[in-house]
Amino acid sequence: MEKKKRRKEIKRKLLHKYRLVILNESTFEEKISFKLSRLNVFVSGTLLAIGLIAFTTLLIAFTPLREYIPGYSSTALKRQATELTYKTDSLVNALEYTNRYLENVRKVLRGDIETTQMNPDSVFESIKLDPSQVDLSPIREDSVLRAEVALEDKYNLFEQPTFDGSVLLYTPLSGTISQGYDPDDRHFAIDIVAQRDTPVKSVANGRVIFSEWTAATGYVVILEHQQDMISVYKHNGSLTKEQGAIVRAGEVIATVGNTGELTTGPHLHFELWKNGNPVNPMNYIDFK
């Protein structure tokens, strides 16, 4: 009997109706009212909680929000991270190789290359070939290239002529020599006066090793030639060649100007260096 009474009491409390009324505070007018019981409030709250949990789960599972959960990552994200790791490792190796290459270039420019001892037999062994296994017959492309090079060398007008073992260079500029070579006055050049924007030409075949602006001498271009010879052109109005360019004898590399602090008018300051020492350009070039 006690159990029945208790059950009836619990059932009565669960099904007992309550009214939730929303009133206007000023007029006490009833706006909204709801009939509620403990049972339907419990059921509604449970269903709402289950719905929120399901919605949150779906939102995390099927949207990019899951990437922000610590310890959770998709397969695509893991694959991307792995690929980035490989790329980073490759870039590190490439950077180390580039740094070693640049260091070797610096050593070459400074002239402090160290000779190392090595066993030449190991080098010869690594490149040893069996002549019987090598096809030495010339191919058609090789024959055509040899013929073209031979024809070009035969009629090449830009080859540097030699005279008594000395290099005969071409005139960089036609004009009036205002100041000659004077090592006592530390003027290791000749100054050639000419009109502004007159073309300045290379005295020989070579490579541009410097082509920049300097405060004292304006636009400067420096060429490296064969037989350890360097030609320098200063106070130019403009430069037509960049560093690293290959030029031919007689090719325009700059124009006459009046740039830099150490100049008093449009002219070319021309220097010639051989074996690391300045030489008189008049001994190599006919400026007439």
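This is a conversation about how some terms apply to one predicted model.

Tutor: Residues are numbered from 1 along each chain as its sequence is written, and side-chain values use heavy atoms, with hydrogens and water left out. Because the model is predicted, local features need pLDDT of at least 70 and side-chain atom pairs count only at pLDDT 80 or more, while totals for chains, interfaces and linings use all residues.

Student: Why is D197 called exposed?

Tutor: Exposed means over 50% relative accessible area, buried means under 20%, and partly exposed lies in between (1.4 Å probe, protein chains only). D197 has a relative accessible area of 53%, so D197 is exposed. The residue is found in the loop between β6 and β7 (199-201), and its phi, near 70°, is positive although D197 is not a glycine. Most residues other than glycine have a negative phi.

Student: How do you know that the span of helix α1 agrees with its number of residues?

Tutor: Helices (H or I, at least four residues) and strands (E, at least two) are DSSP runs, numbered from the N terminus. The expected span of a helix is 1.5 Å times one less than its number of residues; for the 14 residues of α1 (residues 2-15) this should be 20 Å, and the end C-alpha atoms are 20 Å apart, so the two agree.

Student: What makes α1 hardly covered?

Tutor: The count of buried residues among the 14 residues of α1 is zero.

Student: Why are β5 and β6 said to pair?

Tutor: Two strands pair if DSSP finds at least two bridges between them. Strand β5 (residues 176-179) and β6 have three bridges in the antiparallel sense, so they meet that condition. I177 has I192 in β6 as its bridge partner, and I192 has L268 in β13 as a bridge partner. Four bridges join β6 to β13, which run antiparallel, so these strands pair as well.

Student: Which classes of residue make up the lining of the largest pocket?

Tutor: Ala, Val, Leu, Ile, Met, Phe, Trp, Tyr, Cys and Pro count as nonpolar, Asp, Glu, Lys and Arg as charged, and the others, Gly among them, as polar. By these classes, the lining has two nonpolar, nine polar and two charged residues. β6 (190-193), β10 (229-239) and β13 (267-274) each supply at least two residues of that lining.
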